[in-house]
Amino acid sequence: MIRVVIAEDQKMLLGALAALIDFEEDMTVVGSANNGEDAIRLVKEHHPDICIMDIEMPGKNGLEAAEELKEMDCKVIILTTFARSGYFERAVKAKVHGYMLKDSPSEELASAIRNVMEGRRIYASELVDEVYGEENPLTDRESEVLTLMAEGKSTKEIASKLFITNGTVRNYISSILDKLEVSNRIEAITRFKEKGWFK
């Protein structure tokens with residue numbers, strides 16, 4: 001019997017997923033959580049074979065939880081609405097065994113669970129295509145500047161934090177807007193977030 005823990009913050013979806021998995025003769029749900037912290041606790045408590053995890057949950061998100069679980073003997077399948085290349089790259093680094101989108105047909109989930117149990121990795125094909133087609137165009141320093149911008153820091157505060165001049169910060173911002181093909185800071189932050197490139 002394949003033992004499964006589910007972490008999903010939408011109660012109706014959590015119930016539907018549990019019912020779907022329990023309907024399979026070779027699977028059983030041993031715990032359900034609505035945030036990353038509870039998911040980790042349940043994995044430690046019940047030692048499931050598989051943990052199905054949403055990404056955007058309150059408290060610790062699914063990717064943070066997956067990073068913590070990678071040292072444990074539990075395979076993680078991310079199940080999310082977000083087809084963001086940055087999220088996918090981070091999930092792969094966390095050694096997740098599957099990354100599926102919520103709009104996949106329901107029978108694909110049971111099939112993915114069995115495949116993962118056999119040692120395969122199951123990734124949504126549209127994400128694989130997107131990731132290898134598009135990478136974060138910003139340098140590490142530019143990404144750092146954009147992250148500080150997203151935190152609401154002014155040019156002066158960014159300069160002070162990174163030990164560089166205001167002019168250098170302005171140059172970085174100009175380069176960021178150019179590379180992301182946007183016209184202002186808000187659009188840059190939005191674009192970067194949509195791609196899932198914030199660490």
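In which helix is A110 found? A110 lies in helix 5, which spans residues 107-117. The model described here is predicted: local features need pLDDT of at least 70, side-chain atom pairs count only at pLDDT 80 or more, and totals for chains, interfaces and linings use all residues. Residues are numbered from 1 along each chain as its sequence is written, and side-chain values use heavy atoms, with hydrogens and water left out.

**Overall architecture**

- The secondary structure of the protein chain comprises ten helices and six strands; helices (H or I, at least four residues) and strands (E, at least two) are DSSP runs, numbered from the N terminus.
- Along the principal axes, the C-alpha atoms of the protein chain fill a box of roughly 65 × 30 × 30 Å.
- Of the 199 residues in the protein chain, 42% are buried; buried means under 20% relative accessible area, exposed means over 50%, and partly exposed lies in between (1.4 Å probe, protein chains only).
- Among contacts in the protein chain between residues at least 6 apart in sequence, 62% join residues at least 24 apart, where a contact means heavy atoms within 4.5 Å.

- A110 is buried, and its relative accessible area is 9%.
- Apart from neighbours within four places in sequence, A110 is in contact with E24 and M27.
- A110 and F23 are separated by 87 residues in sequence, while their C-alpha atoms are 9.8 Å apart in space.

**Packing of helix 2 and helix 3**

- Two packed helices are described by the angle between their axes and the distance between the axes.
- Helix 2 (residues 36-46) packs with helix 3 (residues 62-69) at an angle of about 25 degrees, and their axes are 8 Å apart. This makes helix 2 roughly parallel to helix 3.
- The axes are lines fitted to C-alpha atoms, for helices over the stretch in contact, and angles run from 0 to 180 degrees between N-to-C directions.
- Angles under 35 degrees count as roughly parallel, over 145 as roughly antiparallel, 65 to 115 as roughly perpendicular, and the rest as oblique.
- Helix 2 passes helix 3 in a right-handed crossing; a crossing is right-handed if the near helix is turned clockwise from the far one by less than a right angle, and left-handed if anticlockwise.
- From helix 2, G36, I40 and V43 meet A65, E68 and L69 of helix 3. By class, this contact of helix 2 with helix 3 has four nonpolar, one polar and one charged residues.
- Ala, Val, Leu, Ile, Met, Phe, Trp, Tyr, Cys and Pro count as nonpolar, Asp, Glu, Lys and Arg as charged, and the others, Gly among them, as polar.

**Cysteines C51 and C74**

- A search of the whole structure finds zero disulfides, a disulfide being a pair of cysteine sulfur atoms within 2.5 Å.
- The cysteine sulfur closest to that of C51 is in C74, at 5.3 Å, which is too far for a bond.
- C51 counts as buried at 0% relative accessibility, and C74 is buried with a relative accessible area of 7%.
- C74 is placed in the loop between helix 3 and strand 4 (75-80).
- Not counting residues up to four places away in sequence, C74 touches V43, P48, D49, I50, C51 and L69.
- C74 and V5 are 69 residues apart in sequence, and 9.7 Å apart in space from C-alpha to C-alpha.

**Helix 7 and S143**

- S143 is located in helix 7 (residues 140-150) and counts as buried at 13% relative accessibility.
- Leaving aside neighbours within four places in sequence, the contacts of S143 are N136, L138 and F192.
- The residues E142, S143, V145, L146, L148 and M149 of helix 7 are buried.
- The buried residues of helix 7 pack against helix 8 (155-162), helix 9 (166-180) and helix 10 (185-194).
- After helix 7 comes G152, whose phi is positive, near 90 degrees.

**Positive phi in loop residues**

- Most residues other than glycine have a negative phi.
- H47, a residue other than glycine, has a positive phi near 50 degrees. H47 is placed in the loop between helix 2 and strand 3 (50-53) and is exposed, with a relative accessible area of 58%.
- K95, also a residue other than glycine, has a positive phi near 60 degrees. K95 is found in the loop between helix 4 (85-93) and strand 5 (98-101).
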